[in-house]
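The sequence and structure come next, followed by the notes.

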Amino acid sequence: MSVPTTQKALFLQGLKGDWAVESTSVPEPSADQVLVRVEASGLNPVDWKIRELGFTISSYPAILGFDGSGVVVKVGDNVTQVKVGDKVLFGADRADTSTRTFQQYALAFGDLVAKIPDNITFDQAAAVNAGFATAGIALYGPKHSTGGAALLPPWQEEGKTEYANHPILIVGGSSTVGQAAIQYAKLSGFFPIITTVSPSNTALALSLGATHTIDRSTPASSLPSAVAAITSTPISVIFDTIGNSDVQNVTYDDVLKEGKVFIAGSSPSNIKNPVEGKEIIRPAGFLNDAPHRSFAVDLWQRIAGYLASGDFKPNRVEYLPGGLASVPDGLERLKHGKVSGQKLVVRPTETV
Ligand SMILES: NC(=O)c1ccc[n+]([C@@H]2O[C@H](COP(=O)([O-])OP(=O)(O)OC[C@H]3O[C@@H](n4cnc5c(N)ncnc54)[C@H](OP(=O)(O)O)[C@@H]3O)[C@@H](O)[C@H]2O)c1
């Protein structure tokens, strides 16, 4: 397959700076990596947060974009999992900008790409990584400072029954991470699966496996009684995908009875009164982070099967025409809460 030596990429010029589409070289895969022609790239809240706060960036101009799908166009010598021409989905590394997806060609590790089944489009595939990597690591990944809760995963025999009839509360069931969390919770047998959503996204949450919804505009102080009206069985797991401080504290203090709370969207310091016996988990969804890398390889080998079977449904997507130049407006929409229950995607190959 012919591969150009230069490509278009979207560069962030500086902290809180402008974006610019510019030409740059196409990166070369190491022995363990593949080069992917990026067919679709998903936009995430973390992209606008990085622009404003600068984390994960060591120098400017910098390429962002953490979710992608595309076609393998080169493989390193050690790669056995995929070959040139395979359709794959992947996520970027924490720091290596050659793996980022706001560019036309990106690098990925051969054991951390998932093949895209035929029932999933490139646009849908580009919406998979953020939710399923983050929620998967949060629930089942090993414990470490940015790891998971080490629950038994549903692909292990014991994990299929361990959490049967355990209630779970997922705050923000229409968010990308929340949609994935609901689907993992269903596979794990949690019941009831309670989630907070806008009324406009109730049907979406129920279609993914939630059994009960609470209007997200319910005041934080009323959440304990709203949950108690659904189940009298103690809640053992709360997965907060939003990071609202009041909601975190009320649910941690008055809804969580035993077990763990998961916080994807914000710092655990929002919990004012942490107590022994209620564990606070702060996951990072980067597949290639060393402490949970082997878990991530295992998780990612299962993604294609779950997508093909329909056990995992990727987010609904809104395709933004115009290639990489459309990313900045899309990120402004994300920042201002103007994206509801779906993922924005661009197609870098359309960049002029
Ligand atoms: N730790 C990590 O590695 C990691 C990874 C990915 C994301 N995150 C963080 O997790 C958070 C969620 O990211 P995402 O990509 O999942 O977000 P997203 O898909 O952009 O979230 C948008 C959705 O959030 C819902 N929402 C907003 N405020 C809510 C509230 N107060 N209660 C319930 N639902 C609410 C909205 O629902 P309606 O439109 O229906 O109102 C909307 O559907 C972000 O802060 C992100 O930075 C962390």
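Contact here means heavy atoms within 4.5 Å. By that rule Gly 131 touches Gly 136, Thr 176, Val 177 and Ala 180, leaving out residues up to four places away in sequence. The model is predicted: local features need pLDDT of at least 70, side-chain atom pairs count only at pLDDT 80 or more, and totals for chains, interfaces and linings use all residues. Residues are numbered from 1 along each chain as its sequence is written, and side-chain values use heavy atoms, with hydrogens and water left out.

**Domains**
- The assignment, which is automatic or from a database, gives domain 1 (6-128 + 314-350) and domain 2 (131-281).
- The centres of the two domains, taken over C-alpha atoms, are 28 Å apart.
- Domain 1 gives 11 residues to the contact and domain 2 gives 10 residues.

**Ligand site**
- The ligand lies between domain 1 and domain 2, because both give residues to the shell around it.
- The shell holds 23 residues, and the closest are Lys 49, Ser 198, Asn 201, Arg 216 and Ser 340; a residue is near if one of its heavy atoms lies within 4 Å.
- An oxygen atom of the ligand is 2.6 Å from an N or O atom in the side chain of Lys 49.
- For Ser 174, a polar side-chain atom lies 2.7 Å from a ligand oxygen atom.
- The side chain of Ser 175 has an N or O atom 3.5 Å from an oxygen atom of the ligand.
- Taken alone, the ligand exposes 930 Å², of which the protein buries 81% (Shrake-Rupley method, 1.4 Å probe).
- Helix H1 (45-53) and helix H4 (176-188) are the elements that give two or more residues to the shell; helices are DSSP runs of H or I with at least four residues, strands are runs of E with at least two, and both are numbered from the N terminus.

**Gly 131**
- Gly 131 sits in helix H3 (residues 129-140).
- Gly 131 is buried, with a relative accessible area of 1%; buried means under 20% (1.4 Å probe, protein chains only).
- The C-alpha atoms of Gly 131 and Gly 285 are separated by 8.3 Å, although these residues are 154 residues apart along the chain.

**Helix H7**
- In helix H7 (residues 245-254), the buried residues are Val 247, Gln 248, Asn 249, Val 250, Thr 251 and Tyr 252.
- Their cover includes helix H6 (223-228) and strands E9 (168-171), E12 (235-240), E13 (256-263) and E14 (278-281).
- Asn 244 caps the N-terminal end of H7, with a side-chain oxygen 3.0 Å from the backbone nitrogen of Asp 246.

How values were computed: Buried < 20%, exposed > 50% of the residue type's maximum accessible area, 1.4 Å probe, protein only. Polar contact = N/O pair within 3.5 Å; in protein donor to acceptor, adjacent residues only side chain to side chain.
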